There are 4 protein chains.
Amino acid sequence: MDAMALTAEQVQSLIARGPFHQWLGLKVLRVGDGEINIRATWREEWVVNPDRRYTHGGILAALVDLTADWALVSKTGRGVPTIDMRIDYHRAAMPGDLTARGKLVKWGSQYAVSEAQVFDKDDVLVASGRGVYFTASPKA
Amino acid sequence: MDAMALTAEQVQSLIARGPFHQWLGLKVLRVGDGEINIRATWREEWVVNPDRRYTHGGILAALVDLTADWALVSKTGRGVPTIDMRIDYHRAAMPGDLTARGKLVKWGSQYAVSEAQVFDKDDVLVASGRGVYFTASPKA
Amino acid sequence: MDAMALTAEQVQSLIARGPFHQWLGLKVLRVGDGEINIRATWREEWVVNPDRRYTHGGILAALVDLTADWALVSKTGRGVPTIDMRIDYHRAAMPGDLTARGKLVKWGSQYAVSEAQVFDKDDVLVASGRGVYFTASPKA
Amino acid sequence: MDAMALTAEQVQSLIARGPFHQWLGLKVLRVGDGEINIRATWREEWVVNPDRRYTHGGILAALVDLTADWALVSKTGRGVPTIDMRIDYHRAAMPGDLTARGKLVKWGSQYAVSEAQVFDKDDVLVASGRGVYFTASPKA
């Protein structure tokens, strides 16, 4: 199942099937071997604090999780279940689209470790983290 | 700043100020000393897989983060910045409202550790996790 | 493989086979269904800071990892590989034996989540954390 | 407190004060700005499984923790308290010295995020992880 040559357009189609992914306005920018870049389109509902207007950490957590997950798509051909996820918050994310870069850390046929970084519109790192993903084939 | 007697209604007002909290349809069910119970109202946009219809892990991550954070409100009087967060996914969360229970693990005047569990509409545990929160007073 | 009735003595024998476990002076105090209590015997080499004399966080991490792992022994019958582990440090652990209590969070035939707390000689919580463990049978 | 020009020898002296560090046979190989490379000297007591002879995950956790911590020494001038730590295990670490490379992820005057990778004697990645460290000055 290694090294599928899925294009960014093909991965975009897979991702866009999910209503939550649509709500996040996800745009697949690039797909590589164990790598992916995804942009998310800012929306007012992301805001946690109406005065200071930064984005809720849950949005950043969702981006780390899904970007690390889809960084595996060149090997999995699909999104796979997350076993666990950890995120560090580095700076408040102010209004504006966010870009996430995902990268495989260690592949395994049972589970894989993958990481992602989230950048704000000025390309400043706002959050980063890792997940463990369940890569075994679903039971027939 | 310990043991403020904030009621569930008062905490509901604080939480409802956030657009993302509104989108999640958060309802504060109970506030205790270092404890909180919150319900989130299911919506179609939570779905990640249109065939199997379970909720995206990012929604569960947001619930763990915010519930663990607001479990501290009896000491902080406000939502505080998350330093880092970790979540374990236990089962697919099928459509339906989710209930999250948060509980302080260890208070500190610089940072605190707090945890949360998320249950589905049948009260089955679907995810749980922990965060470290920055509790020092904001600089004047 | 569920509900093996392994006694504390039997688990002690399994654990004592490991040289690192011997070095930690591990003593199995109690084994339950998805639970274990283990004591570790303080030694001078645990100290990180010769002036303030507290125990190195790596010792606490080892205790969280192994205690959460062996909390599964009623289901696994053996120690199993750790997939990942996370630990929160709550207080400096001063010289003295440490006691760790482990507890299954969620069992699965592929992987399980388990947690542990570490207490100092005065029964004060000094660290706690969680791991994900690989529970699938080793390939024949 | 930025950009102290501590040499590897000076950091070695600081690290070697800790009995646990001595037991791990730590050797500071290189110190850079927000970076450090450290070697640990294998010893029989590291073994968890007397048949398969791999190193206990607690040793790897200690190495991730301390290496990520001391990667900050160019800014802190000392080892600082760990707030929390997370480690992913990638492969069994067989007998032989281990080398760990630490790198600052995000500096802050209250807390910092730092990461480390651990390699076996053949330079294969066996574990990696991250910690959050308390960088505020100790109270006078």
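Biologist: What should I know before we start?

Modeller: The model is predicted, and local features need pLDDT of at least 70, side-chain atom pairs count only at pLDDT 80 or more, while totals for chains, interfaces and linings use all residues. Residues are numbered from 1 along each chain as its sequence is written, and chains are lettered from A and ligands numbered from 1 in the order in which they are written.

Biologist: What makes residues of chain A and chain B count as "in contact"?

Modeller: Two residues are in contact if their C-beta atoms, placed from the backbone, lie within 7 Å. By that rule, 28 residues of chain A touch 27 residues of chain B. On chain A's side, α2 (19-23), α3 (57-70) and β3 (82-89) each give at least two residues, and β3(A) has the largest share, eight residues. Helices here are DSSP runs of H or I with at least four residues, strands are runs of E with at least two, and both are numbered from the N terminus.

Biologist: Which classes do those chain A residues fall into?

Modeller: There are 14 nonpolar, seven polar and seven charged residues on that side. Ala, Val, Leu, Ile, Met, Phe, Trp, Tyr, Cys and Pro count as nonpolar, Asp, Glu, Lys and Arg as charged, and the others, Gly among them, as polar.

Biologist: How do you know that β3(A) and β3(B) pair?

Modeller: Strands pair if DSSP finds at least two bridges between them. β3(A) and β3(B) have five bridges, in the antiparallel sense, so they meet that rule. Arg86(A) stands opposite Arg86(B), and Met85(A) faces Ile87(B). Looking into its own chain, β3(A) is joined to β6(A) (residues 125-134) by seven antiparallel bridges. There, Met85(A) has Gly131(A) as its bridge partner, and Ile87(A) has Gly129(A).

Biologist: Where does that leave the sheet, and why are the β1 strands called edges?

Modeller: It's an open sheet of 12 strands with antiparallel pairing, in the order β1(A)-β2(A)-β4(A)-β5(A)-β6(A)-β3(A)-β3(B)-β6(B)-β5(B)-β4(B)-β2(B)-β1(B). β1(A) and β1(B) (27-32 in each chain) have a single partner strand each, so one side of each is left without a neighbour in the sheet.

Biologist: What makes β3(A) "largely enclosed"?

Modeller: A residue is buried if 20 or more other C-beta atoms lie within 10 Å of its own, exposed if 12 or fewer, and partly exposed in between, with C-beta atoms placed from the backbone. Eight of the eight residues of β3(A) are buried, so the rest of the structure largely encloses that strand. For α3(C), 14 of the 14 residues are buried, so that helix is largely enclosed too.

Biologist: Where does chain C meet chain B?

Modeller: Nine residues of chain B are in contact with nine residues of chain C. β3, β4 and β6 of chain B each supply at least two residues of chain B's side, and β6(B) gives the most, three residues.
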